[in-house]
Amino acid sequence: MPDVPPHAPSKINLKDYQRPSFDVETVHLNIKLFEDYAQVNSTLKMVRQTTGDIILFGESLELLSIIMNDKALTSEHYQQEDGKLTIYEAPDEVILDIQVRICPQTNTALEGLYMAGSGDDTMFVTQCEPEGFRKITFYPDRPDVLAIFTTRLEADKRYPTLLANGNLVEAGEVADAPERHYAIWQDPTNKPSYLFACVIADLDVLTDSYTTSEGRDVLLEVYAKSADIDKCDVGMQALKDAMKWDEVNYGRAYDLDRYMIVAVSQFNMGAMENKGLNIFNTACVLSSPETTTDARSFSVKAIIAHEYFHNWTGNRITCRDWFQLCLKEGFTVYRDQSFSADQQSSAVQRIDDVATLRAHQFAEDAGPLAHPVRPESFVEINNFYTTTVYEKGAEIVRMIANTLGPDDFRKGTDEYFRRYDGQAVTVEDFLSALSITDDKIEDFIDWYRQPGTPVVSGSQTYDSAAQTLTITLNQQTRHVKGFDAPKPLPIPVATTLFDKDSGAIVAERMLLLDEATQTFVFENVASEPVVSLLRDFSAPVQLNYDYQDADLAFLLKHEINGFNRWQVTQMLVNRILLQSQGAKSSPDVYLEALAQTLPVLAADDAMLAARLLDIPSAQELASAIPQDYDPVLVKEQRDGLYQQVADKLKDQWATLYNDLPMQSYEDSAQARGIRALRNVVLDMALTANVEGAADWAQQQYDHASCMTERFGALKAMVNHQLPKANDYLTDFYKRFQANDLVIDLWFSVQAAADDVTPDVIKSLIAHTDFDWNTPNRVRSVIGAFSSQPTVLWTAEGLKMYTDVIKKLDDANPVLASRLLQVLARWNTLAEPRRQMAHEQLTDLRKNVASKHVLESLESV
Ligand code: PHE
Ligand code: ZN
């Protein structure tokens with residue numbers, strides 16, 4: 001048992017949920033920003049709901065006064081402890097006037113109201129989800145308290161941009177202070193405090209408009225610093241596409257007259273769906289062909305859509321408590337994935353979503369931080385913005401949608417919006433609305449409660465006399481410490497049978513595995529078929545089927561489902577690379593199948609062809625190794641297979657590369673596919689030492705029409721340590737010096753380089769452009785570095801990494817704790833690394849104070 005440190009932070013449990021004693025009807029906020037502090041006055045109209053005291057939360061606030069129903073309160077009327085302010089014996093109707101002082105100028109945690117940017121670009125923005133509002137003023141800061149907000153902002157005129165949620169109702173000069181001005185915003189919707197936002201800045205704006213299906217004319221605005229305003233149109237277009245998409249696919253129209261997006265360079269996460277006023281990490285909204293890779297640009301569109309979709313799934317219907325986070329996030333991720341699937345090849349979209357799930361969520365579910373999609377307890381809710389809540393949460397909604405089919409799913413979502421609009425609800429409410437046409441949907445609740453990735457194993461027998469194929473499937477989920485013994489879950493397994501001779505489809509069925517073991521019989525099957533399972537990844541499980549390698553090669557050739565063709569390559573690769581886990585396939589079948597498929601597919605669907613060459617990252621492979629993980633061995637094996645692929649097709653790379661000529665930039669699926677494949681081919685050619693490949697890289701960089709081409713070439717040069725790599729790094733830096741997001745790429749390509757050392761990382765940290773206060777920059781070095789496990793899991797690598805956590809623990813605990821997640825799987829390392837990691841993490845635990853980081857270290 002780990003010894004519990006004396007300052008062990010306390011847990012909050014779902015089972016202890018209680019309704020608030022008081023509701024807030026209206027809030028008037030008056031935020032006055034001064035040179036080195038801000039004054040926040042608030043007026044809350046509160047009404048009693050049940051017995052009990054008034055409980056307000058507040059952190060890092062200097063309380064100046066509280067007045068209740070015109071009477072100043074003194075310390076005998078209330079108690080202040082652990083971030084909680086309890087007011088005793090309040091009457092049933094209360095007007096509270098609260099005055100506090102805060103210091104956004106020194107707020108490095110990036111929660112509440114904080115200063116971002118520097119010099120002429122200094123701005124003030126808020127981040128309130130999940131519990132940042134309590135850093136602005138005392139408030140019943142919990143998602144089930146909904147109120148109507150009016151916000152007055154006042155600041156020096158050098159910040160002309162004053163924004164808050166809703167509609168602008170008044171603006172003007174401040175009497176007696178000609179250098180100051182103010183704006184008053186009113187939000188007509190009832191909202192929880194976590195959706196509050198305001199911005200005080202000097203920004204340019206790109207405007208557009210959209211007329212909703214209900215005939216509402218909406219003003220659309222994207223705010224960014226003037227140097228960035230030319231990179232806002234991709235986001236603007238995505239916003240309009242998302243608005244339309246939600247009307248067509250879910251019948252949901254926008255409900256305010258204005259929709260604003262603000263780009264900020266210092267932000268802990270990707271973006272935030274504040275009502276009518278989204279705040280975005282610049283990395284998730286700015287995009288231009290010259291500065292943004294295709295992959296980034298695509299995710300910009302997806303994130304814009306994600307935040308927009310929250311307006312219905314999250315804002316109009318919100319979460320009763322933070323345990324229900326997946327209610328808004330899982331559903332909204334499912335919605336943004338569906339949106340993205342309509343913007344490109346749906347197979348590639350599914351491949352990318354599943355690759356992310358397998359690389360990160362499966363790893364989380366396999367490690368000590370495994371938790372249910374709806375957790376039952378937490379110390380710090382910020383630690384639960386995880387890939388399990390988001391991505392596995394989305395997979396559950398997908399399984400439900402596929403089980404119901406499009407019509408009944410739409411009936412269910414319509415019912416959800418009809419029933420719960422304006423309320424703060426639970427996962428049970430969601431399932432109950434979705435089950436109006438099929439009450440079996442309620443059984444999916446166990447997916448929300450049970451951690452661990454189910455393993456589905458199976459085999460088949462063919463009876464030629466009876467002409468039947470019998471598939472036996474069973475499911476098993478590891479028992480995660482601290483949870484009940486796992487139960488069988490409803491697992492939809494999309495199954496297709498292929499005729500071995502012709503490759504034609506003989507049968508197609510959705511099998512529902514909802515017991516520990518089940519058999520499924522297919523009748524009238526004339527000869528033993530090849531079975532394709534889990535098509536489109538119909539459930540988030542690990543599949544072990546007793547395939548012959550030849551069956552998989554057959555499927556790579558004959559499957560018409562693009563996702564499954566990719567899945568087959570991944571199964572083959574895993575069988576080759578996870579030898580230490582009992583897998584034993586020789587690479588021959590895989591290499592031969594690739595060699596046959598690739599040249600044909602390259603001409604046909606370049607994007608899919610590029611994906612077929614995927615080999616899981618070292619971290620992903622590691623997550624399939626429950627014990628005695630040796631990073632050096634895994635890397636050797638992975639690199640070895642990569643080399644074999646490159647060598648196998650050595651004669652073909654030149655032809656493939658030349659058949660993908662560089663053209664002037666175009667943002668079409670086909671052009672993106674060609675660029676993606678060209679980068680993969682270039683790297684393969686360099687790996688195989690194809691003559692002239694180094695020149696291709698330089699040419700590609702020199703004549704690049706866009707960042708995808710330029711950065712692809714640079715990355716290849718750096719990773720293959722080409723003699724000119726340093727010159728090109730210097731060129732890249734000079735060209736893009738003024739653009740922070742591109743300089744992030746410059747940092748990350750070095751920090752993630754194959755030959756990176758702790759010294760390289762130290763020198764990057766020492767670079768004048770490195771900045772501890774900009775999470776994007778920290779991640780571009782530290783996050784990128786963590787993709788090299790052979791360096792990370794050394795005494796020196798770990799020391800450096802844990803020093804970074806120590807350094808950030810106080811300044812930005814959210815960021816520190818997120819970076820720390822990478823080390824969670826220390827306990828699967830082979831000795832002596834395991835012991836070494838344990839020592840360093842134990843030492844780290846003694847040197848940190850935030851509950852965020854301490855909770856992430858609980859299993860050490
Ligand atoms: N709610 C945001 C999203 O998923 C994420 C976020 C969480 C942003 C916490 C900031 C802080 O869209
Ligand atoms: Zn979200």
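Modeller: Gladly, bearing in mind throughout that this is a predicted model. Begin with F57, whose bridge partner in β8 is K84.

Colleague: In what sense do β4 and strand β8 pair, and over how many bridges?

Modeller: The general idea is that strands of a sheet pair through backbone hydrogen bonds, either parallel or antiparallel. In this structure β4 and β8, the latter covering residues 84-87, are paired in the antiparallel sense, with four bridges between them.

Colleague: What is the order of the strands in the open sheet?

Modeller: The order is β4-β8-β7, which makes an open sheet of three strands with antiparallel pairing. Because β4 (54-57) and β7 (78-81) each have a single partner strand, they stand at the edges, and one side of each is left without a neighbour in the sheet. From one strand to the next, the twist averages 15°.

Colleague: How many helices and strands does the chain have?

Modeller: The chain has 26 helices and 31 strands, and 50% of its 860 residues count as buried. Of the contacts with a separation of 6 or more, 69% are between residues 24 or more positions apart.

Colleague: Why does the radius of gyration of the chain agree with a compact globule?

Modeller: A compact globule of 860 residues would have a radius of gyration near 29 Å, and the chain has 28 Å, so the two agree. Along its principal axes, the C-alpha trace spans about 85 × 65 × 60 Å.

How values were computed:
Residues numbered from 1 in each chain as written. Chains lettered and ligands numbered in written order. Predicted model: local features only at pLDDT ≥ 70, side-chain atom pairs only at ≥ 80, totals over all residues. Helix = DSSP H or I, 4+ residues; strand = E, 2+ residues; numbered from the N terminus. Rg over C-alpha atoms; globule rule 2.2 N^0.38 Å. Buried ≥ 20, exposed ≤ 12 C-beta atoms within 10 Å, placed from the backbone. Contact = placed C-beta atoms within 7 Å. Pairing = 2+ DSSP bridges. Axes fitted to C-alpha atoms, helices over the stretch in contact; angles between N-to-C directions.
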